[in-house]
Amino acid sequence: MQMMTRDILLERELEDDDDEEDGDIGDVPASKRPLMAPPTLLPSSLVLESLEQRSVSGFGTLGSQQDFQTPEFEEFNGKPDSLFFNDGQRRIDFVLVYEDERRKETNKKGSNEKQRRKRQAYESNLMCDGLQLEATRSLLDDKLVFVKVHAPWEVLCTYAEIMHIKLPLKPNDLKTRSSAFDNFNWFTKVLQVDESIIKPEQEFFTAPFEKNRMNDFYIQDRDTFFNPATRSRIVYFILSRVNYQVINNVKKFGINRLVSSGIYKAAFPLHDCNFSHPSEDLSCPNERYLLYREWAHPRSIYKKQPLDLIRKYYGEKIGIYFAWLGYYTQMLLLAAVVGVACFLYGYFNQNNCTWSKEVCDPNIGGKIIMCPQCDKLCSFWNLSITCESSKKLCIFDSFGTLVFAVFMGVWVTLFLEFWKRRQAELEYEWDTVELQQEEQARPEYEAQCTHVVINEITQEEERVPFTTWGKCIRITLCASAVFFWILLIIASVIGIIVYRLSVFIVFSAKLPKNLNGTDPIQKYLTPQTATSITASLISFIIIMILNTIYEKVAIVITNFELPRTQTDYENSLTMKMFLFQFVNYYSSCFYIAFFKGKFVGYPGDPVYWLGKYRNEECDPGGCLLELTTQLTIIMGGKAIWNNIQEVLLPWIMNLIGRCRTVSGAEMRTPRWEQDYHLQPMGKLGLFYEYLEMIIQFGFVTLFVASFPLAPLLALVNNILEIRVDAWKLTTQYRRMVPEKAQDIGAWQPIMQGIAILAVVTNAMIIAFTSDMIPRLVYYWSFSVPPYGDHPHYTMEGYINNTLSYYKVADFRGRENPYTGLGNYTTCRYRDFRNPPGHPQEYKHNIYYWHVIAAKLAFIIVMEHVIYSVKFIISYTIPDVSKSTKSKIKREKYLTQKLLRENHLKDVTKNIGVIVEKMVEVVDNNLRPKVD
């Protein structure tokens, strides 16, 4: 088909006539319009060159509406499941929705007219580019108009070459290697998707499409050669680059800008059928229905995901997310089993915990009087009131914790390395190994290209959005904004700490007065527990509020930063969002794990916050249980909140939309109108789903030494998350434009960074947050002579040995804060210091220095051992398996051989024709002439 090169543009003589809604987004100098394709592709590059130069000067002004090509209006043909124009032949590849300005009830007639003319110019240019349009009015709202877009064969071929789309050459006849687990197929068959329902896709050798080699490709039917996902990609590529206005040689273009400015209400590809029942059209593949039935429905929760069908329907970018999430969930199964085993080990051995028995013993813990933990209002208290919390602590602070921390350091490396291999297999299976993606600059970037500079490599002029000095200013401002918000989070953490200090005083003053030591409530509702739970809840609420605000701030900062490509934009936003979320979610956990109770001084010389609040202390058993409580509340609350938000919000929005429509008319509305009333997917796609899972990955790895059940919670959440995300995509959201992707992008290095940091955090939690090292030091050194009195190694006497004495009369301040709190002469506190009367009273004793040396030695040994194992695993497990490498090389060889053979056949055929003609000419010349 001859491509039309005449472009109809809406020009204006005065800039003052332009709407405020257009701004500068999508405005690009005529010489910089990003419709470009690689000049090496001759036919496509010629087409693009003509598209660049097609503007007719002075044509398409406001008064020349008769030059606009407009789509024909057709009435709905009564086929709600139809995916074709009314002729039943041309497939609908995309749908544009707008509100007819002539039927709007508004006083802005001038603005409506401008919008209408822009839209007319845009649609006219689409038709000039070869797309075919058909318009239909809504059955439920006569102001709405649906413009259906169809790309003919010639347009698809042209842009498939421009976009380097790989298409089938011939069926792939390579035999897959048999697996060692084939004999166990009967066991895994119940987990597999039934192949009689979702049939396996036929494999092909593929190559980037070229129009001049069309005969080499496996074209059996032109209608099915380009599948619906590929057709939608091509049409969206065109829609994003077609002009709709020219102002002073600056072109405005792109469907995204038209949607954001309100000229169009929506733009989306169609779902192929209703999710709840198959299409009435027998030719429809019913892929949406199959995905809902075999993937998103709750009864399929135990089945493996149909990744090939997900990729075919939604594209590789969506497919790789669900492949990663599914693989992560499978690996969590092993971590959850080990974590539960460690938890059960601690649970069944809590009654054998010697130091907990001493805390609960009335003759030991019941007679130990602890020093008040705040001034004036706090009273002396018996150690035995922490009996229940010490029993709980025995569950998590056990030898199993150490084993599990080491295991998780190895597990995270195995997960990342095996995921790389799985990702390489998907690249081969999904044909993205040599993904050639000439990524174009974002329209927002091109719109600001006003400065001309000389390219150092080509020595040619090129346009950039800002000078070097301007770039430095933008980077400085963006970095300052990010730093400011991080400081804001730190300020909120400090606020929580101040809350802890002030509320602890209140709880300490109130609870002991209202409850006696035998009350069962007091066993659980201690001042420390009440403070920890309320502070964790408030911290969670503040985290979610700051999270909501910063999401918008991060987008504004990234827009101001003006990245060049969409990949650069997503990577920049990813790093900002993750940095913020890291501080937001993990700061309170880092405080409890590594700062709380570490700098408190001692009763005679306490440390004060802001000169007013006395620094809070840990329980006699340490802060590990409080860290576990914090993790449980934040991790569990975040999972519940996100799932409720992901399920209820789109469902309620769609329910409201259905309530606004005419009752009973929904069943007979066309496919495009049903899809319009679904929720649009955000511009960032699955960005927030990735972010949610990476934050969870941090909880599972960074603090797992304090909470071995974290992998189990993550496993349960992810099993639900996969089906919730699947349910959202198939039932509540419009179909997304399919996109290509090779991997999970910037999230891979982020996970690798978390894995490295996790080794350090878990080693430090065991060393500094738990009491494992002090207990081991006591057992091996201080329970026996020369420091201890026991004849053999034992944990007996640990509590009494690790609590220091303080003489109340030795208070050094101006006023004794303990006056009137009781007639006690001495009290105990958590530290390793010399007792009163010692030549170096209240100085750190020999036990303290043994413990410090043991902690540092433990951290160094544990880190080096785990890092060594991680390095060995990373080195021995290649990123791409040998079999996958062989398959890739074999397919590449056969593809090149096939193309070469086809080329030789064509050359031989042409040479044969030429030789026959030459022989014929020679014969005619040598044959005797007959008079």
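The chat below covers salt bridges, then a helix pair.

Q: What should I know about the model and the numbering?
A: This is a predicted model, where local features need pLDDT of at least 70, side-chain atom pairs count only at pLDDT 80 or more, and totals for chains, interfaces and linings use all residues. Residues are numbered from 1 along each chain as its sequence is written, and side-chain values use heavy atoms, with hydrogens and water left out.

Q: How many salt bridges does the structure hold?
A: There are 29 salt bridges, each being a side-chain nitrogen of Lys or Arg within 4 Å of a carboxyl oxygen of Asp or Glu.

Q: Which residue does Glu-134 pair with?
A: Glu-134 forms a salt bridge with Lys-148, with 2.9 Å between the closest N and O atoms. Glu-134 lies in strand β4 (residues 132–137) and Lys-148 in strand β5 (residues 144–150), so the pair ties together parts 14 residues apart in sequence. Helices (H or I, at least four residues) and strands (E, at least two) are DSSP runs, numbered from the N terminus.

Q: Is Lys-148 buried or exposed?
A: Lys-148 is buried, at 0% relative accessible area. Glu-134 is buried too, at 5%. Buried means under 20% relative accessible area, exposed over 50%, and partly exposed in between (1.4 Å probe, protein chains only).

Q: What about Arg-213?
A: Arg-213 forms a salt bridge with Asp-216, the closest N and O atoms being 3.2 Å apart. Arg-213 is partly exposed at 26%, while Asp-216 is buried at 8%.

Q: And where are Glu-739 and Lys-317?
A: Glu-739 is in the loop between α22 (710–732) and α23 (747–769), and Lys-317 is in helix α10 (residues 316–348), so this pair links distant parts of the chain, 422 residues apart. Their closest N and O atoms are 3.6 Å apart. Glu-739 is partly exposed at 37%, and Lys-317 is partly exposed at 29%.

Q: Switching to helices: at what angle do α8 and α9 pack?
A: Helix α8 (residues 287–296) and helix α9 (residues 307–314) pack at about 145°, with axes 11 Å apart. Axes are lines fitted to C-alpha atoms, for helices over the stretch in contact, and angles run from 0 to 180 degrees between N-to-C directions.

Q: Which residues meet there?
A: From α8, Glu-287, Arg-288, Leu-290, Leu-291 and Trp-295 meet Leu-309, Ile-310, Lys-312, Tyr-313 and Tyr-314 of α9, where contact means heavy atoms within 4.5 Å.
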